[in-house]
Amino acid sequence: MTGTALARGGALTIGAAGVAFVAAAGWQRAGEFALLERPWDASALTWAALVGLAGCGAGLRSSLGAALLFLAAAWSVAVVASLGTVEPAGIAGAAFLAAAGLALAAPEFRNRPRTALAAFASLAAVAAAATFAGVRVHDVYLGPTHPASPLRAAPVDLVEWAWAGGVTSTSFAVTAQLADTQPADDLTLVVRSEPSGEEVGRFPPASLSPAGVARFDVAGLQPATRYRWAVAAGGREDRSRSGSLTTLPAGRASFTLAFGSCASTGSNGQVFDRIREAAPLLFIHTGDFHYEDIDDDAPGAIRAAFARSLRAPAQQALWLDVPILYTWDDHDYGGDDSDRTTRSRAAARAVYREIVPHYSLPLDGPIAQAVTVGRVRVIVTDSRSERDPSRWQDGPGKSMLGEAQLAWLFEELLRARGEAALIIWVNSVPWISSETGSDSWAAYADERRRIADFLVEHRIDNLVMLSGDAHMLAADDGSNNRFASDGSGPGFPVYHAAALDRRGSVKGGPYSEGVHPGGGHFGLLTVDDLGPEIRVTFSGRDWRGAELLRHERVFTVAQR
């Protein structure tokens with residue numbers, strides 16, 4: 001065998017290794033062989049691996065053809081890395097492919113300079129055009145919908161990210177990813193009252209996961225009081241990521257809640273700055289915290305997806321200033337239109353319990369939860385991990401919530417009817433819809449009618465619904481909410497706020513107050529407790545803080 005043949009064989013071997021690494025990165029990203037599946041970057045890596053594989057085949061006959069294909073595949077991986085997520089194996093594979101391509105190209109430039117130059121010029125032109133087109137398509141469908149926040153990432157000290165939630169009138173929880181998964185023995189959460197800075201207490205971790213996520217449970221606080229918290233270890237407090245919050249009021253009180261859903265993984269848009277500047281008591285996240293579409297039993301991938309968003313500077317600043325109440329939807333639970341049959345179910349439930357500072361979860365599986373704010377009961381249902389597949393024929397046996405969660409919802413509604421002046425039901429997907437083939441309650445019309453009949457029968461008329469999923473601001477005064485058997489109700493208002501940072505879409509309807517599709521959107525819900533009446537005002541806003549939609553409803557507080 002000649003030296004030239006040996007050199008070609010060596011280059012092809014390196015190229016084949018590069019193909020294997022890129023293919024492995026695509027598989028790792030999606031959990032399967034994905035050509036036209038989400039996430040898009042997994043599919044793009046798979047196609048790049050196929051181009052590289054074609055280079056291996058071409059190399060048996062033409063060094064120049066193999067060089068062009070190897071370099072095209074390497075460039076494709078580089079473009080994907082600039083726009084999406086590429087695992088380290090993919091970067092290594094691109095390096096191998098580029099090395100193989102250059103090794104095969106060198107003798108061609110020596111022996112056939114004009115031919116090689118023309119071929120590479122053509123490749124460069126095609127690559128430039130394809131890159132320009134690809135970036136444009138990416139930005140139109142998946143890119144940011146509004147300007148990025150001017151905030152920059154703070155250096156990592158003791159924790160990589162932290163957020164607070166599960167807040168009540170006397171307690172709250174914090175979960176934090178420790179920078180050192182083998183923390184000091186004196187790891188605590190230091191809590192101080194504001195503005196005095198007087199130390200209230202030091203709270204050791206209630207749990208510490210093998211992945212280094214610590215949960216701290218704080219108790220013994222005063223209602224409607226501002227506190228500051230920080231993770232401490234080794235005799236000092238974290239210098240970069242301390243947070244603050246206000247405990248919930250007890251009894252009659254007025255307040256503002258923010259809500260929204262649907263943000264691309266790692267979004268750093270200014271919409272998060274506007275929410276933080278509005279200083280809501282809570283931020284209610286109604287799902288699609290990220291868009292990784294992990295439909296495999298992969299807890300590590302799910303943790304990494306959350307971490308990318310939690311580390312985004314604008315999001316981290318929001319979560320440090322405003323406690324969260326969060327339920328998932330499809331893209332952050334499994335894949336598009338995911339349900340109880342998705343392979344990610346067990347991992348998603350486990351990771352949620354590990355990293356989200358949630359309220360008590362009364363059911364073994366679904367992440368249903370509830371909390372009282374002043375005289376308002378907030379009830380959150382899980383519309384994903386118990387639902388039957390939407391493609392199933394509708395009827396009495398088909399459920400979105402599952403029987404156990406539905407029974408819990410009915411119990412909560414009855415209890416709230418007697419104890420609360422107002423009920424807020426947080427339901428992630430569109431309630432008002434007649435599109436039976438859509439990802440909405442229309443595909444579960446029998447169960448929706450059952451809930452509507454329950455509300456009418458028990459005269460639960462002090463209810464407001466908050467929803468997401470659809471990438472729009474929308475409001476209905478209840479006139480299109482007539483799903484009871486006799487068409488008499490339930491008639492409660494429905495408010496949608498999305499997308500935080502995704503392209504616009506419209507689902508369901510009609511909505512009496514109109515629809516504003518788009519990204520950079522969020523909602524504010526102001527509750528004015530006037531004693532005999534409660535006034536609820538929905539303000540749908542954009543990333544500039546401008547109000548695009550407004551609706552107000554006054555509820556009479558019955559003797560309960």
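Gly334 lies in the loop between strand 12 (324–326) and helix 9 (345–355). The model is a predicted one. Gly334 is buried, because its relative accessible area is 0%, and buried means under 20%. Beyond its neighbours within four places in sequence, Gly334 is in contact with Asp293, Ile294, Asp295, Thr342 and Ser344. Tyr291 is 43 residues away from Gly334 along the chain.

The surface was examined next. Trp27, Phe33, Leu36, Trp47, Leu50 and Leu53 make a nonpolar patch of about 710 Å². Helix 2 (residues 40–58) gives the largest share of this patch, with 3 residues. Phe33, another member of the patch, sits in the loop between helix 1 (3–30) and helix 2.

The chain as a whole was then considered. The protein chain holds 11 helices and 22 strands. Its radius of gyration is 27 Å, close to the 24 Å that the globule rule gives for 560 residues, so the chain is as compact as a globular protein of that length. The C-alpha trace spans about 95 × 60 × 40 Å along its principal axes.

Of the 560 residues, 56% count as buried. The protein chain exposes about 22,000 Å². Carbon and sulfur atoms supply 55% of that area. Among contacts between residues at least 6 apart in sequence, 71% join residues at least 24 apart.

Note on methods:
Residues numbered from 1 in each chain as written. Predicted model: local features only at pLDDT ≥ 70, side-chain atom pairs only at ≥ 80, totals over all residues. Heavy atoms only, no water. Patch = residues over 30% accessible without salt bridge, like charges linked within 9 Å, V, L, I, M, F, W, Y side chains within 5 Å. Areas by Shrake-Rupley, 256 points an atom, 1.4 Å probe, with all protein chains shown as cover. Salt bridge = Lys/Arg side-chain N within 4 Å of Asp/Glu carboxyl O. Helix = DSSP H or I, 4+ residues; strand = E, 2+ residues; numbered from the N terminus. Rg over C-alpha atoms; globule rule 2.2 N^0.38 Å. Buried < 20%, exposed > 50% of the residue type's maximum accessible area, 1.4 Å probe, protein only. Contact = heavy atoms within 4.5 Å.
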